[in-house]
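Subject: Structure handover

Hello,

Please find the structure below, followed by notes on what was found in it.

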Amino acid sequence: MAVPKRKVSPANTRKRRSQWLSGAKPPNLVPITVDGKTKLVPRELLRHFHRG
């Protein structure tokens with residue numbers, strides 16, 4: 001296992017963490033109608049709702 005040679009400064013730690021969190025994005029929601037009701041569903045799950 002890799003072991004750091006020295007302690008990372010708080011500023012560098014916070015900079016790294018802020019970059020990691022900025023990559024998260026909310027899901028792309030699309031309105032669909034299921035049984036007469038309109039629902040918001042992530043675009044990736046549309047195929048699940050349109051199956052027979």
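The accessible surface of the protein chain comes to about 5500 Å², with 57% of that area belonging to carbon and sulfur atoms. Areas were computed by the Shrake-Rupley method with a 1.4 Å probe, and for residues only the protein chains shown count as cover. Of the 52 residues in the protein chain, 10% are buried (buried is under 20% relative accessible area, exposed is over 50%, and partly exposed lies in between, with a 1.4 Å probe and protein chains only).

The model is predicted: local features need pLDDT of at least 70, side-chain atom pairs count only at pLDDT 80 or more, and totals for chains, interfaces and linings use all residues. Residues are numbered from 1 along each chain as its sequence is written, and side-chain values use heavy atoms, with hydrogens and water left out.

Confidence is given as pLDDT, the predictor's confidence in each residue on a scale from 0 to 100. Its mean over the protein chain is 84, and 88% of the residues reach 70 or more. Helix α1 (residues 10-22) has the lowest confidence, at a mean of 81, and strand β2 (residues 37-42) the highest, at 90. Where pLDDT is low, the predicted coordinates should not be read in detail.

The protein chain contains two helices and two strands, in the order α-β-β-α along the sequence. Helices (H or I, at least four residues) and strands (E, at least two) are DSSP runs, numbered from the N terminus.

Strand β1 (residues 29-34) pairs with β2 in the antiparallel sense, over six bridges; strands count as paired if DSSP finds at least two bridges between them. The two form a hairpin with two residues between them, and V34 stands opposite K37 in β2.

D35 lies in the loop between β1 and β2. Its phi is near 55 degrees, a positive value in a residue other than glycine. Most residues other than glycine have a negative phi. D35 counts as exposed because its relative accessibility is 76%.

I32, in strand β1, is buried, since its relative accessible area is 9%. Leaving aside neighbours within four places in sequence, I32 is in contact (heavy atoms within 4.5 Å) with K37, T38, K39, V41, L46 and F49. I32 and H50 are 18 residues apart in sequence, and their C-alpha atoms are 9.8 Å apart in space.

Regards
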